[in-house]
Amino acid sequence: MLDILFPKVCPSCRTAALRNENLCSLCLSDIRFVNDWSFCRKCGIPFGYFSPEDRENLEWDNESSDHLCGKCLEGKFCFEKARSIAIYEGKIRDMIISFKYEGKLSNEDVLLDILTTNLPDDLDHFDSVVPVPLHINKLRQREYNQSVILASGLAGYAGVSCDLFGLRRIRETRPQIEIRNEQERRRNVKGAFLVPQSHKISGRSVLLVDDVFTTGSTCDECSKMLLDSGACKVQVLTLTRAKGM
Ligand SMILES: [Zn+2]
Ligand SMILES: [Zn+2]
């Protein structure tokens, strides 16, 4: 009844008349899911998506479950594995940007829904969910942290605890998106986080949650702090995956 009086609108394109869907079918079909590609078993990068020329050079082995990208072969990341749901482009990118910078909280439900209905089936068990934190100054500007919203929604869905203060950002960093060079991205976030109460992390398998994974420098630095504080395993889950440099 309420649907007739107040037809739901697609939060992305604002067309009306949706029944049970959160996004209209046109917007839904615009989303590229990482799972549709073959991807690195450790960092989750979809092979050949961001640089199609790689695809031709890659020796395909879809049967192999431990196919690793160049970075992971070099052992660049300390997290156990990272997974992302969708490619950071098109409608989902627009929704994240308006969710993050324009305070469009109406996108919260749809983004959370995309996250939970497409959870990767190869995630290992986790005891708690920890969001990538914002610095307090940034939090004051934006008033909320998008990764907290995703993390707490996911924890509720998975029936585990969400440790909102598992990590703290102790210094402000430049937005990673402004930095082209990967070395510099790593330097930008080095020492920027700490675990305020390590007894809450110690011995636990933690799922670190954020909205976008680009080069992985931020997630890796957070993972390092969690592992240094005694976490027995850290996996990373991000809603989207952007092209790294
Ligand atoms: Zn739409
Ligand atoms: Zn990799």
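## The zinc site

The model is predicted. In sequence, the residues that donate to the zinc ion (ligand 1) follow the spacing C-x2-C-x10-C-x2-C. These donors are Cys10, Cys13, Cys24 and Cys27, each of which coordinates the zinc ion (ligand 1) through its SG atom, at 2.2 to 2.3 Å. The angles among the 4 donor atoms run from 105 to 115 degrees, and the site of the zinc ion (ligand 1) is tetrahedral.

Cys10 has a relative accessible area of 0%; because buried means under 20%, Cys10 counts as buried. Cys13 has a relative accessible area of 31% and is therefore partly exposed, a class that lies between the 20% and 50% limits.

## The largest pocket

The volume of the largest pocket is about 710 Å³. Its lining is made up of 35 residues, and those closest to the centre of the pocket are Lys100, Tyr101, Pro175, Gln176 and Ile177. Two or more lining residues come from each of helix 5 (90-101), helix 7 (136-142), helix 8 (146-158), strand 6 (205-213) and helix 10 (217-228). Helix 5 provides the largest share of the lining, with 5 residues.

Sorted by class, the lining of the largest pocket contains 14 nonpolar, 11 polar and 10 charged residues.

Conventions: Residues numbered from 1 in each chain as written. Chains lettered and ligands numbered in written order. Predicted model: local features only at pLDDT ≥ 70, side-chain atom pairs only at ≥ 80, totals over all residues. Heavy atoms only, no water. Donors = N, O, S within 2.8 Å, 3.2 Å for Na, K, Ca; no water. Tetrahedral: all angles 85-135°; square planar, octahedral: opposite > 155°, others 65-115°. Buried < 20%, exposed > 50% of the residue type's maximum accessible area, 1.4 Å probe, protein only. 1 Å grid on protein atoms, 1.4 Å probe; cavity = no way out; pocket = protein on both sides within 12 Å on 5 of 7 lines; lining within 4 Å. Points joined across faces, edges and corners; volume = space filled by probe spheres on them. Helix = DSSP H or I, 4+ residues; strand = E, 2+ residues; numbered from the N terminus. Nonpolar A, V, L, I, M, F, W, Y, C, P; charged D, E, K, R; others polar.
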